[in-house]
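This briefing is intended for reading alongside the sequence and the 3D structure. The points are grouped by topic.

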Amino acid sequence: MKARWGFWSNYLSGIPSDRLRVLLAENQVDPGYRSRAAFLTLVSMRNSQNARREERRFGSAIENTAILDSPVFVLGHWRSGTTHLHNLLACDAEQFAAPNSIETSFPYSFLSTEQAVKKQFMAWVPRTRPMDNVALGPGTPQEDEFAMCVSSLRSPFLGMCSFPRRSEHYDRYLTFRDVSAHEVEEWKSTFLWFLRKLTLKHGRRLLLKSPTHTARIRLLLQLFPGARFIHIHRHPYEVFRSTRHLLQSLWPFYSLQTPPENVDEQILRRHTTMYDAFFEEKRLIPEGQFHEVGYDDLVNDTMGEVRTLYERLGLGRFERVQPRLQEYVNSLSTYRRNEFSDLSPALRLRIARSWQRGFEAWEYGFDA
């Protein structure tokens with residue numbers, strides 16, 4: 001219960017006041033979480049001032065910035081190894097620019113306030129993520145979906161993290177299949193605006209990672225026909241257990257409503273929705289623009305798997321980035337993964353039936 005008073009690492013801390021007003025008008029804040037809403041209201045006024053200043057200073061430059069080449073998208077369900085793969089590829093900093101924690105949390109103002117926000121980040125935010133031991137810092141590669149939460153208000157994260165009673169409403173934005181054409185176009189426009197800002201700052205090809213993109217291949221290809229896609233998969237039982245832990249770890253920091261006691265149905269439903277879309281839309285990706293890797297394979301032979309990835313997608317000479325990649329891999333030698341209790345036989349059976357497509361596609365055993 002203490003964590004509900006913690007404000008320091010809320011992903012909505014960069015939201016401007018007009019966006020926050022829409023969220024609070026559409027969603028009830030429970031009594032025990034009104035202090036968090038009050039904090040967000042307070043900082044949103046400062047965010048609005050910063051956003052207006054940044055628009056005056058950089059608006060024209062942003063509008064005229066062309067996104068360089070086609071982005072590389074890391075796909076995969078939550079807790080399947082997307083962050084690990086994103087961090088590995090981000091070692092190629094000469095070629096790629098991956099949005100960091102400040103850029104995704106403060107999409108309206110990072111061009112002009114990053115240095116000031118960085119000091120606050122270092123003072124307030126824990127050094128590791130709440131759900132695992134992965135390092136977290138102002139320059140850490142981060143999911144662009146956080147920026148879309150703040151700017152578009154169309155993201156399943158809002159239901160997963162902040163308003164769990166309305167998770168089904170926000171889950172529509174996982175695939176965008178059941179929303180109006182107007183909402184789709186607004187999301188596309190906002191997404192391109194954010195990517196232009198990143199390009200203006202970094203001037204390099206963008207490396208983007210958000211599990212939600214796994215269900216949006218069609219939309220992403222409409223925007224970037226030449227995009228490269230890398231999908232990572234992991235044993236479904238491990239994904240389920242870790243995703244359950246993820247949600248239970250995030251709610252104390254993010255939620256504005258009392259979380260449900262049982263999230264199993266949400267996890268099963270969301271995964272099925274994601275991969276129904278993935279398997280259908282994966283066929284749209286042109287030859288040579290898609291690569292797939294298993295989490296265990298990546299962990300057991302990191303250098304070999306990344307080398308193969310570079311060759312298959314035409315990402316340049318692997319030897320150029322190999323020393324930096326090896327240095328990063330060596331830094332993970334003391335990392336310890338989370339350990340979870342076994343799933344009941346009944347739940348394992350439900351997962352196997354609901355996610356059968358993934359078990360079969362990646363040849364995972366039902367009794368593993």
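Helices (H or I, at least four residues) and strands (E, at least two) are DSSP runs, numbered from the N terminus. On that basis, the chain contains 18 helices and five strands. Its radius of gyration, taken over C-alpha atoms, is 20 Å, close to the 21 Å that the globule rule (2.2 Å times the number of residues to the power 0.38) gives for 368 residues, so the chain is as compact as a globular protein of that length. This is a predicted model, in which local features need pLDDT of at least 70 and side-chain atom pairs count only at pLDDT 80 or more, whereas totals for chains, interfaces and linings use all residues. Residues are numbered from 1 along each chain as its sequence is written, and side-chain values use heavy atoms, with hydrogens and water left out.

**Overall dimensions, burial and surface**

- Taken along the principal axes, the C-alpha atoms of the chain fill a box of roughly 50 × 50 × 45 Å.
- Of the 368 residues, 58% count as buried; buried means under 20% relative accessible area, exposed over 50%, and partly exposed in between (1.4 Å probe, protein chains only).
- Contact means heavy atoms within 4.5 Å. Among contacts in the chain with a separation of 6 or more, 80% are made by residues 24 or more positions apart.
- The chain exposes about 16,100 Å², of which carbon and sulfur atoms supply 50%; accessible areas come from the Shrake-Rupley method with a 1.4 Å probe, and for residues only the protein chains shown count as cover.

**Charge**

- Lys and Arg count as positive and Asp and Glu as negative, while His and the chain ends are not counted; the place of a charge is taken as NZ of Lys, CZ of Arg, CG of Asp or CD of Glu.
- There are 49 positive and 42 negative side chains, and the centres of the two sets lie 6 Å apart.

**Aromatic pairs**

- Rings of Phe, Tyr and Trp (its six-membered ring) pair if their centres lie within 6.5 Å; planes under 30 degrees apart count as stacked, over 60 as edge-to-face and the rest as tilted.
- A search of the whole structure finds 20 aromatic pairs. One of them joins Phe278 and Phe279 edge-to-face, at 5.3 Å centre to centre and with 70° between the planes.
- Both Phe278 and Phe279 are buried.
- Tyr11, Trp78, Phe146, Phe157 and Tyr254 form one aromatic cluster.

**Positive phi angles**

- Most residues other than glycine have a negative phi.
- Leu153, although not a glycine, has a positive phi of about 60°. This residue lies in the loop between helix H6 (145-152) and helix H7 (157-162), and at 9% relative accessibility Leu153 counts as buried.
- Phe176 also is not a glycine and has a positive phi of about 60°. Phe176 is placed in the loop between helix H9 (172-175) and helix H10 (181-202), where its relative accessible area of 5% makes it buried.

- Ser70 belongs to the loop between helix H2 (34-63) and strand S1 (72-75), and is buried with a relative accessible area of 13%.
- Leaving aside neighbours within four places in sequence, Ser70 is in contact with Arg205, Phe224, Gly226 and Ala227.
- Ser70 and Arg53 are 17 residues apart along the chain, and their C-alpha atoms are separated by 30 Å.
- Arg241 lies in helix H12 (residues 236-254) and counts as buried at 13% relative accessibility.
- Arg241 and His213 are 28 residues apart in sequence and 21 Å apart in space, C-alpha to C-alpha.
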